[in-house]
Amino acid sequence: MQKRRFTKSIVALGAMTLGLVLTPAVQAQQAPFKIGFILPMTGQSASTGRQIEAAARLYMAQNGTTVAGRKIEVIFKDDGGVADATRRTAQELVVNDKVDVLAGFGLTPLALATAPIATQSKTPMVVTAAATSIITEQSPYIVRTSFTLPQVTLGIAEWAAKNKIKKAMTMVADYGPGIDAERTFKDRFQLNGGTIVGEIRSPLRSPDFAPFLQRVSDTKPEALFVFLPSGQGAAFMKQFGERGLDKSGIRLIATGDVTDDDQLNDMGDVALGVVTSHHYSASHPSALNKKFVAAFEAANKGMRPNFMGVAGYDGMRVIYKALEATKGAGGGDALLAAMKGQLFESPRGQILIDGQSRDIVQDVYIRKVERVNGQLYNMEFDVQKAVKDPGKAK
Ligand code: DHB
């Protein structure tokens with residue numbers, strides 16, 4: 001009896017102590033920390049969603065689901081690549097689910113549609129895909145772990161000029177990143193003495209490359225520079241090959257979006273020898289990347305990580321470390337401050353989230369498609385170190 005009363009009072013004392021300790025801040029720390037990914041899981045950019053979700057889940061499997069005492073909860077939403085759906089979903093995630101961070105954004109218009117919501121709600125918005133230069137300027141709450149088209153286009157423009165290509169034609173998807181790529185290629189190629197003999201813009205939605213490839217065939221440039229968003233590369237390559245353009249003496253050069261690791265292995269011989277510049281190749285020869293690719297492939301049968309996947313993986317790293325830096329407290333402004341300036345080794349190489357622009361600074365590689373052990377890979381053979389987005393210099 002005596003003993004039981006004693007136990008009871010101990011329990012009561014414990015509860016009282018707990019009551020004292022459970023200040024609102026601590027209670028908030030007990031609540032899960034929510035990350036709302038909005039991605040195209042269906043439609044023509046579905047591979048972007050599939051890659052980023054797989055990589056984010058891999059990051060969690062490797063790094064645990066509790067950070068500074070907070071349980072991490074990820075929510076994945078499909079916007080089908082349609083901006084109205086992205087905007088509506090972002091609103092719901094902020095208002096109803098009370099997410100701490102928004103992430104994803106598979107295409108430029110989807111990121112642009114969400115920027116005002118990030119600003120109004122002071123929610124950090126981690127862009128792990130969309131790559132038009134101006135995106136990070138649309139909200140002070142945007143941080144980017146993907147890339148920008150001006151950043152990755154400079155390399156191939158330099159390479160072309162150095163490799164005796166004098167006359168080039170450009171073909172880009174007709175929207176933000178394509179316009180960025182076209183302008184950057186043209187400016188740098190002309191600066192180095194080259195001439196642009198034709199410019200083509202193909203529609204973003206359901207493009208038919210046949211009429212454009214006819215123009216290329218008629219114009220006969222020494223090289224054709226191409227940018228198309230992730231997911232369109234295989235269809236383009238197929239048509240390029242079907243028209244015999246790969247044997248016409250017209251050299252195909254591109255950003256790495258075209259020789260996308262998600263599709264490259266299925267492209268066949270037409271892709272062999274294509275030179276591109278980009279920030280990530282699954283064949284990047286670092287120890288960290290080898291580990292990343294092996295773990296990604298083991299967790300996702302039949303899939304190889306591409307540049308979208310690696311940006312999703314690094315996006316999670318940026319969020320985890322920011323939460324850690326705030327000791328689990330979170331909060332839009334504190335998280336943002338802790339995201340700025342993060343410098344770390346990614347599977348792609350060393351990357352920095354620039355403290356001022358909140359954009360990514362990274363190495364850009366020049367690569368050539370080769371067959372290695374029966375598989376097609378973008379083999380890196382040159383590098384530009386620590387490239388900042390040149391689109392913002394203007
Ligand atoms: C964008 C989308 C892509 O799939 C890509 O490879 C590059 C840019 C974009 O819409 O910003």
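1. Both D261 and R304 are buried in this predicted model, and the two residues form a salt bridge in which the closest N and O atoms are 2.8 Å apart. This pair links distant parts of the chain, since D261 sits in the loop between β10 (251–255) and β11 (275–278), while R304 sits in the loop between α10 (287–299) and α11, 43 residues apart. As background, side chains of opposite charge can pair when their charged atoms come close.

2. The structure holds 16 salt bridges, and another of them joins D180 to R183, with the closest N and O atoms 3.6 Å apart. Here both partners belong to helix α7 (residues 176–191), where they are 3 residues apart, or about one turn of the helix. Is D180 buried or exposed? D180 counts as buried because its relative accessibility is 6%, which falls under the 20% limit. R183, on the other hand, is partly exposed, with a relative accessible area of 35%.

3. A salt bridge is also formed by D84 and R87, whose closest N and O atoms are 2.9 Å apart. Both of these residues lie in helix α4 (residues 83–95), and they too are 3 residues apart, about one turn of the helix. R87 has a relative accessible area of 37%, and this value lies between the 20% and 50% limits, so R87 is described as partly exposed.

4. Which residues are in contact with F236, leaving aside its neighbours within four places in sequence? They are M171, F209, L213, L224, V226, L228, L252 and V258.

5. About 110 Å³ of space lies in the largest cavity, and 18 residues line it, of which G106, A129, Y175, P229 and M308 are the closest to its centre. What kinds of residues make up the lining of the largest cavity? The lining divides into 12 nonpolar, 5 polar and 1 charged.

Key: Residues numbered from 1 in each chain as written. Predicted model: local features only at pLDDT ≥ 70, side-chain atom pairs only at ≥ 80, totals over all residues. Heavy atoms only, no water. Contact = heavy atoms within 4.5 Å. 1 Å grid on protein atoms, 1.4 Å probe; cavity = no way out; pocket = protein on both sides within 12 Å on 5 of 7 lines; lining within 4 Å. Points joined across faces, edges and corners; volume = space filled by probe spheres on them. Nonpolar A, V, L, I, M, F, W, Y, C, P; charged D, E, K, R; others polar. Salt bridge = Lys/Arg side-chain N within 4 Å of Asp/Glu carboxyl O. Helix = DSSP H or I, 4+ residues; strand = E, 2+ residues; numbered from the N terminus. Buried < 20%, exposed > 50% of the residue type's maximum accessible area, 1.4 Å probe, protein only.
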